[in-house]
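Hi,

Here is the structure I said I would pass on. Have a look at it first, and my notes follow below.

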Amino acid sequence: MFARIDFAVLFFIAIALLSGTSPAAETAANAKLDAPLPEGWPEPGKPGEIAVKSYPAYRSAVAKSGATMQRADGVLFWQLFAHIQANQIAMTAPVVNTYSASDDKRQVEMEFLYRTTEQGQTGDGLGQVQVQDHPQQSFVTLVVQGNMNAEVYQQSLKQLKSWLSGNPQWKLNGDPRRLGYHGPMTPQAKRIWEVQIPVESVKME
């Protein structure tokens, strides 16, 4: 049943249960976001904007699945929610999904981000969850507003790959990811997402 619940609904439930307050209160303080960003993370840009952004080192709870995008959202979300609830870790935004494929095997990796790299401990979490530290990294990012599904995600990736073709000073450096910032208290048409490809700079001759 949970696998069919919309991602934004899951996000809303987690914020409300963990904070004891409505996500609307968080939004009133910061109109763009439903929960605080991790320390040092840049805010999302304007819809349709493509830019290269640098993200600091961070810590997150990570869960993995071989399911499709929609099904994985529900399965992984509840695993991660149980982990942060058991460890009294406050919900943050965004929720990060990384998508990879090798040997024709799909893998979805979902992350709940910790506020700082000093929070909690790395290693085994609750159940299949792992707590990991991640290095600083640069991403070319496209801001998407409104509905998010597999088709929108793939179209966004095409735009980013086209941008990379026209900007040879950057090259791909890993698997793409999706960042989700809003729950259902934000109307669907106003919800913000970012689709990102990790990049590294290329020395130009």
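Which residue in E7 does isoleucine 50 stand opposite? The one opposite isoleucine 50 is leucine 142.

Before the rest, a word on the source: this is a predicted model, where local features need pLDDT of at least 70, side-chain atom pairs count only at pLDDT 80 or more, and totals for chains, interfaces and linings use all residues. Residues are numbered from 1 along each chain as its sequence is written, and side-chain values use heavy atoms, with hydrogens and water left out.

Strands around E7

Helices (H or I, at least four residues) and strands (E, at least two) are DSSP runs, numbered from the N terminus. Strand E7 covers residues 137–145, and seven of its nine residues are buried (under 20% relative accessible area, with exposed over 50% and partly exposed in between; 1.4 Å probe, protein chains only). E7 pairs with E1 (residues 50–55) in the antiparallel sense, over six bridges; two strands pair if DSSP finds at least two bridges between them. E7 also pairs with E10 (residues 192–201), again antiparallel, over eight bridges. There, phenylalanine 139 has proline 198 of E10 as its bridge partner.

The aromatic cluster

Seven aromatic pairs turn up in a search of the whole structure. For these, rings of Phe, Tyr and Trp (its six-membered ring) pair if their centres lie within 6.5 Å; planes under 30 degrees apart count as stacked, over 60 as edge-to-face and the rest as tilted. Tryptophan 41 and tyrosine 55 are an edge-to-face pair, because their ring centres are 4.8 Å apart and their planes are at 70°. Tryptophan 41 is in the loop between helix H2 (23–29) and E1, while tyrosine 55 is in strand E1, so the pair ties together parts that are 14 residues apart in sequence. Both are buried: tryptophan 41 has a relative accessible area of 6%, and tyrosine 55 has one of 2%.

Tyrosine 55 also pairs with phenylalanine 139, with centres 5.6 Å apart and planes at 90°, so that pair is edge-to-face too. Since tyrosine 55 belongs to strand E1 and phenylalanine 139 to strand E7, this pair ties together parts that are 84 residues apart in sequence. Phenylalanine 139 is buried, at 4% relative accessible area. Together, Trp41, Tyr55, Tyr58 and Phe139 form one aromatic cluster.

Arginine 177 is worth a look here. Its charged end sits over the ring of phenylalanine 139, 3.6 Å from the centre, and arginine 177 also lies over the face of tyrosine 55, at 5.1 Å from the ring centre. A charge sits over a ring if NZ of Lys or CZ of Arg is within 6 Å of the ring centre and within 35 degrees of the ring normal.

Helix H3

H3 runs over residues 69–86. Its end C-alpha atoms are 26 Å apart, which agrees with the 26 Å that its 18 residues should span at 1.5 Å a residue (the expected span is 1.5 Å times one less than the number of residues). Its buried residues include Met69, Leu76, Phe77 and Phe81. Valine 75, by contrast, is partly exposed, at 31%. After H3 comes glutamine 88, with a positive phi near 55°.

Cheers
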